[in-house]
Amino acid sequence: MSRVKAIFRSWFGSLEFEFSTVEELREKLNLVKTALEETSSMDFRELLKSGLTSEDFQPLRLRHFDVAEKGIQTSNVLEGVVEWGVDGPLIVASEKAKLSHYEAIGLLLYAFKEQKADPKTIALLLQNSGIKVSNVSARLKEMADSGRVFKPDQKDAVWKLSAQGQMWVEKTIIPKIRGGIL
């Protein structure tokens, strides 16, 4: 029986595989779906560094998400405020509409394992959380001026929550959300 090659092209490159039966095609498409769901919360550099192989995607493992050590420890603090979706953390607090753009961005960064993300990811997560922010990059630059975020690498688009920003989230934003006083 002849084999057919399938090529999927995306923003991060191409994914190729061969199959000879319809069942084999279904298995491989499910593998691709699972891989994309698991890695959607990782940024491209993290994905490359992870060295993931197809065996890593069977069965689904939570360890590939950005929840990891700190996320697990802070899960009680963020319970009812932030939940993890396929793309990453989502703000689910009932009072989220009263959050400022800065507070929403700070809360999302706080939820990430290393408390860092790029503006595109933050914009997507804000949108998925139901919060409209027109220019995330501009808000991040303004937050940098106040010392709440910084760029670990000036050549990279990734922003990280500073120690001051972390304290701001812990001491101001989370208590406000918990108390319902925004």
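Predicted model: local features only at pLDDT ≥ 70, side-chain atom pairs only at ≥ 80, totals over all residues.

Biologist: How do the axes of H4 and H5 cross?

Modeller: The two axes come within 10 Å and cross at roughly 110°. Angles of 65 to 115 degrees count as roughly perpendicular, and H4 and H5 are therefore roughly perpendicular to each other.

Biologist: Which residues of H5 are buried, and why do they line one face of the helix?

Modeller: The general idea comes from the helical repeat. With 3.6 residues a turn in an α-helix, residues three or four places apart point the same way. In H5, which spans residues 119-128, the buried residues are Pro119, Ile122, Leu125 and Leu126. Viewed down the axis of H5, these buried residues fall within an arc of 130°, so they line one face. Lys120 and Gln127, on the other side of H5, are exposed.

Biologist: What do the buried residues of H5 pack against?

Modeller: Their partners are the helices H4 (101-111) and H6 (136-145), together with the strands E4 (89-91), E5 (116-117) and E7 (159-161).

Biologist: Which residue caps the N-terminal end of H5, and which residue follows the helix?

Modeller: Asp118 is the N-terminal cap, with a side-chain oxygen 3.1 Å from the backbone nitrogen of Lys120. After H5 comes Gly130, which has a positive phi, near 85°.

Definitions and conventions:
Residues numbered from 1 in each chain as written. Heavy atoms only, no water. Buried < 20%, exposed > 50% of the residue type's maximum accessible area, 1.4 Å probe, protein only. Helix = DSSP H or I, 4+ residues; strand = E, 2+ residues; numbered from the N terminus. Arc of directions from axis to C-beta. Contact = heavy atoms within 4.5 Å. Polar contact = N/O pair within 3.5 Å; in protein donor to acceptor, adjacent residues only side chain to side chain. Axes fitted to C-alpha atoms, helices over the stretch in contact; angles between N-to-C directions. Parallel < 35°, antiparallel > 145°, perpendicular 65-115°, else oblique.
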